[in-house]
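Thank you all for coming.

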Amino acid sequence: MSSVVQSDTKGSPSAFLKAIVGKSVVVKLNSGLLYTGILQCLDGYMNLVITDVRESSGIAGSPITSTYGEAFIRGNNVLYISAAEAL
């Protein structure tokens, strides 16, 4: 079972994205990699800057393969972004 918590935030996707800035997020890439960290900012193209980044293979229960202080993720690589904790 995934550790991702679904959000109860109502409204538009834009409102959700504004609500998660500064919060812990889970970002899955088209390649299958999974990144967790604190969302610092994003733009209209879904380009993301996250800090305290932990990378894993995206398979349930897989160990953390790398850690980064900060990462820029280009929006066209993002499959989904989710709040790691309930809002």
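Helices (H or I, at least four residues) and strands (E, at least two) are taken here as DSSP runs, numbered from the N terminus. With that in hand, reading along the sequence gives the pattern α-β-β-β-β-β, that is, one helix and five strands.

Before going on, a word of care: this is a predicted model, in which local features need pLDDT of at least 70 and side-chain atom pairs count only at pLDDT 80 or more, while totals for chains, interfaces and linings use all residues. Residues are numbered from 1 along each chain as its sequence is written, and side-chain values use heavy atoms, with hydrogens and water left out.

The five strands form an open sheet in the order β4-β3-β2-β1-β5, with antiparallel pairing, where two strands pair if DSSP finds at least two bridges between them. The edge strands, β4 and β5, each pair on one side only. Between β1 and β5 there are five bridges, and Val27 has Ile81 in β5 as its bridge partner.

What does the largest nonpolar core contain? A nonpolar core is a set of buried (under 20% relative accessible area, 1.4 Å probe, protein chains only) Ala, Val, Leu, Ile, Met, Phe, Trp, Tyr and Cys residues joined through side-chain atoms within 4.5 Å. The largest one has 16 residues, and Val27 and Ile81 are among those with the most contacts inside it. Contact means heavy atoms within 4.5 Å, and, leaving aside neighbours within four places in sequence, Val27 touches residues including Leu34, Ile73 and Ile81.

Key
Buried means under 20% relative accessible area, exposed over 50%, partly exposed in between (1.4 Å probe, protein chains only).
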